[in-house]
Amino acid sequence: QGILVLPQAGTACCNSCCSKHKARPLRLYCSTCEELICEDCVIKDHRDHDYDLLDNMVHAHKAQLTLAGKQTEDAAAPLLAGVVALQDEE
């Protein structure tokens, strides 16, 4: 899966509004296409796709990233210990 890059809160509409439907805010995330979409996009281009509210997707991705970070730290611990042991031998 790609990394979801979100517009910052309070940015100008040109950064957080749909490029196809200019006045519509990007409030949904289409998992099928891996892109932010507006309500009009759902009706016209993403009707049968897997999509959800952006807030829900942010929370889901945050949980996945937190778990992946923990797993990475756990896997790196023995490697770091090995590096320290090698440095102590020098």
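This is a short chat about a predicted model of a protein.

Q: What helices and strands are there in the protein, and how many?
A: There are three helices and three strands.

Q: In what order do the elements run?
A: From the N terminus on, the order is α-β-β-α-β-α.

Q: How confident is the predictor, on average?
A: The average pLDDT of the protein is 84. At least 70 is reached by 83% of the residues.

Q: And where does pLDDT stay under 50?
A: Over residues 9-14. For that stretch, the model has two contacts beyond four places in sequence.

Q: OK, helix 3. How many residues does it have, and how far does it reach?
A: Helix 3 covers residues 54-89, which is 36 residues. From its first C-alpha to its last, helix 3 reaches 52 Å. That is close to the expected 52 Å.

Q: Where is the kink in helix 3?
A: At Ala76. The kink is about 30° and lies shortly before the proline Pro78.

Q: Which residues of helix 3 are buried?
A: Leu54, Met57 and His61 are buried there.

Q: Now the inside. Which residues make up the largest nonpolar core?
A: Twelve residues make up this core.

Q: What do nonpolar side chains tend to do in soluble globular proteins?
A: They tend to be buried together.

Q: Take Leu28. Where does it lie, and is it buried or exposed?
A: Leu28 lies in strand 1. Its relative accessible area is 9%, so Leu28 is buried. The cut-off for buried is under 20%.

Q: What is Leu28 in contact with, beyond four places in sequence?
A: Its contacts include Leu36, Ile37, Cys38 and Val42. Leu53 and Leu54 are also among them.

Q: How far apart are Leu28 and Cys38?
A: They are ten residues apart in sequence. In space they are 5.9 Å apart, C-alpha to C-alpha.

Q: What about Leu36? Buried or exposed?
A: Leu36 is found in strand 2. It has 19% relative accessibility, so Leu36 counts as buried. Leu36 and Cys18 are 18 residues apart in sequence and 8.2 Å apart in space, C-alpha to C-alpha.

Q: And Ile37, which residues does it contact beyond four places in sequence?
A: Ile37 is in contact with Pro25, Leu26, Arg27, Leu28, Tyr29, Cys30, Val42, His46 and Tyr51.

Q: Where is the place of His46?
A: His46 is in the loop between helix 2 and strand 3.

Q: Why does His46 count as buried?
A: Because its relative accessibility is 4%. Beyond four places in sequence, His46 is in contact with Cys30, Cys33, Glu35, Ile37, Cys41 and Tyr51.

Q: Cys33, then. Where is that found?
A: Cys33 is found in the loop between strand 1 and strand 2. Cys33 is partly exposed, because its relative accessible area is 35%. Leaving aside neighbours within four places in sequence, Cys33 is in contact with His46 and His49.

Q: What is the phi of Glu34?
A: It is near 55°, a positive value in a residue other than glycine. Glu34 is also found in the loop between strand 1 and strand 2. With a relative accessible area of 44%, Glu34 is partly exposed.

Q: Last one, the whole protein. How many of its 90 residues count as buried, as a percentage?
A: Of the 90 residues, 19% count as buried. The protein exposes about 6,900 Å², and carbon and sulfur atoms supply 56% of that.

Conventions. Residues numbered from 1 in each chain as written. Predicted model: local features only at pLDDT ≥ 70, side-chain atom pairs only at ≥ 80, totals over all residues. Heavy atoms only, no water. Helix = DSSP H or I, 4+ residues; strand = E, 2+ residues; numbered from the N terminus. Expected span 1.5 Å × (residues − 1). Bend = angle between axes of the 7 residues up to and from the residue. Buried < 20%, exposed > 50% of the residue type's maximum accessible area, 1.4 Å probe, protein only. Core = buried A, V, L, I, M, F, W, Y, C linked by side-chain atoms within 4.5 Å. Contact = heavy atoms within 4.5 Å. Areas by Shrake-Rupley, 256 points an atom, 1.4 Å probe, with all protein chains shown as cover. pLDDT = per-residue confidence, 0-100.
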